[in-house]
Amino acid sequence: MSRTPLKPVAAAVVAVLALATLLTACGGGPAARSASSSTTAVTVAGSDYLGGAPVYTATAGKLWAGNGLTPRLQSFSTGRDALNAVLGGQAQYGVVGDLPAVSAVLGGRNIKILAALSGFTDWRLLTTKSAAITSFADLKGRRIGLPEGTNVQYALSGMLSRAGLKLGDVTLVNLAPNQVTPSLARGDIDAGLPLPRF
């Protein structure tokens, strides 16, 4: 199956969020000063989702101190889970995709989007030869595994739209990111969208 960039539906969303990985923060109290008192200790929730790579690069390069911060990174299986850590008070910042952030804002949650860290359209739809899926139109009526509430669900909407289909034309199977490939191999789903990881 060929990879085709997805076209966002609203120009306003494109300007701010176009399939971006976002650094979000929840309104709340100040972060604690580190033992050295020259930097502020912050907890950053994220995942190994490709768009979050700048956070890990900045940590490896010791670039946070230049901004007066000492990070403690928490790893979650999805950006949606990282956002839940921020909303639950376990982290001051979260690295999430645009769909979880927009859903939280539309749901009335008190978050702030601080930065867009990356934007890309390198999504992969996995299937098997036996499923005989050769185009997006072939997804109609099929079972598609993905972590719901994440950017891959948004990507799937774009794939279906290109074929004149809607999410209601397929059966979504909510899977953890590490369950997509094994579920496909067992035949539990007809196609799957994993998170792009680094």
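Let me start just after helix α5, where glycine 164 takes a positive phi of about 75 degrees. This is a predicted model, in which local features need pLDDT of at least 70, side-chain atom pairs count only at pLDDT 80 or more, and totals for chains, interfaces and linings use all residues. Residues are numbered from 1 along each chain as its sequence is written, and side-chain values use heavy atoms, with hydrogens and water left out.

Now the sheet. Four strands form an open sheet, ordered β6-β9-β7-β8, with mixed pairing. The edge strands are β6 (126–127) and β8, and each pairs on one side only. Terms, quickly. Helices (H or I, at least four residues) and strands (E, at least two) are DSSP runs, numbered from the N terminus. Two strands pair if DSSP finds at least two bridges between them.

Take β7, residues 143–146. Four bridges join β7 to β8, residues 171–174, and the two run parallel. Leucine 146 stands opposite asparagine 174 in β8. Two bridges join β7 to β9, residues 191–192, also parallel. There, glycine 145 faces glycine 192 as its opposite.

What about β6 and β9: parallel or antiparallel? They run antiparallel, joined by two bridges. Threonine 127 has alanine 191 in β9 as its bridge partner.

Back to α5, residues 151–162. α5 has twelve residues and reaches 17 Å from first C-alpha to last. That is close to the 16 Å expected at 1.5 Å a residue, where the expected span is 1.5 Å times one less than the number of residues. Its buried residues (under 20% relative accessible area, 1.4 Å probe, protein chains only) include Val152, Leu156 and Leu160.

Note on methods. Right-handed = clockwise from strand over helix to strand, strands pointing away. Buried < 20%, exposed > 50% of the residue type's maximum accessible area, 1.4 Å probe, protein only.
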